[in-house]
Amino acid sequence: MIVPIQILPSFLFYCYVTGITPGPANLCSLSAAMQFGRRNALKQWLGLFTGFFIDAMAAVFMAFFLGTILNSYVKFLAYIGAAYLVFLAIKMLRQNYSVENEPQKIPGFFTGLFVNLTNAKVILFCISALTSFVLPYNQSFGAIFLAGIFLPFTGPVCNLVWLFAGGFLRQIFVGHTKVVNIVMAVSLLICAASIAGFF
């Protein structure tokens, strides 16, 4: 088992909350679809997916070598990951949602690739997912690699949701910012408590 069954719901929920909330990739997908149509936005999405995949594979190697170096101390990474989720929850409470940096020219594959290769949210998401939810329980390269292969099907799938239903999602996030922020923040705190072993 890559992730223990009791931690699996928290892992999946963490992937969902982090993936669906507005970030550079989601807002680029929304903006591209609204300005240039879904066909052009899908070309950009292929770049987003590729960039996410590269980030995930880089995180796999970082997590594996980190686990090898720290060895018996690797369980403490779960507490670091939990602390990071608490930080995200606090940051979530102050989040404002708007479409920024709208592309001025028709986006393509390389636009999406560049967005995710430089997207701090994606990089930190991949590293924290592996070091918090996988590494403390399974340090084999195979397990970390399989989890890393799964990660590109979380954020980029949420990008597609924003691409196809972005206008509706934007209304929810902008129109009910406080409620959305509280729900997302509480969700992240529950994930943090779960990986820290409180329940």
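The paragraphs below go from the overall fold to one helix pair and then to the aromatic rings.

This is a predicted model, in which local features need pLDDT of at least 70 and side-chain atom pairs count only at pLDDT 80 or more, while totals for chains, interfaces and linings use all residues. Residues are numbered from 1 along each chain as its sequence is written, and side-chain values use heavy atoms, with hydrogens and water left out.

The protein has 9 helices and 0 strands, where helices (H or I, at least four residues) and strands (E, at least two) are DSSP runs numbered from the N terminus. Of its 199 residues, 50% count as buried, that is, under 20% relative accessible area with a 1.4 Å probe and protein chains only, whereas exposed means over 50% and partly exposed lies in between.

Helix 1 (residues 8-20) and helix 6 (residues 120-133) have axes that come within 11 Å and cross at roughly 175 degrees, the axes being lines fitted to C-alpha atoms over the stretch in contact, with angles from 0 to 180 degrees between N-to-C directions. The two helices are therefore roughly antiparallel, a term for angles over 145 degrees. Their contact (heavy atoms within 4.5 Å) involves residues including Phe11 and Tyr14 of helix 1 and Phe125 and Phe133 of helix 6.

Those four aromatic residues return in a cluster, where ring pairs link Phe11, Tyr14, Phe52, Phe125, Phe133 and Phe150; rings of Phe, Tyr and Trp (its six-membered ring) pair if their centres lie within 6.5 Å. The whole structure holds 13 aromatic pairs. In one of them, phenylalanine 64 and phenylalanine 141 have ring centres 5.3 Å apart and planes at 85 degrees, so the pair is edge-to-face, which applies to planes over 60 degrees apart.

Technical notes. Parallel < 35°, antiparallel > 145°, perpendicular 65-115°, else oblique. Phe/Tyr/Trp six-rings, centres within 6.5 Å; stacked < 30°, edge-to-face > 60°.
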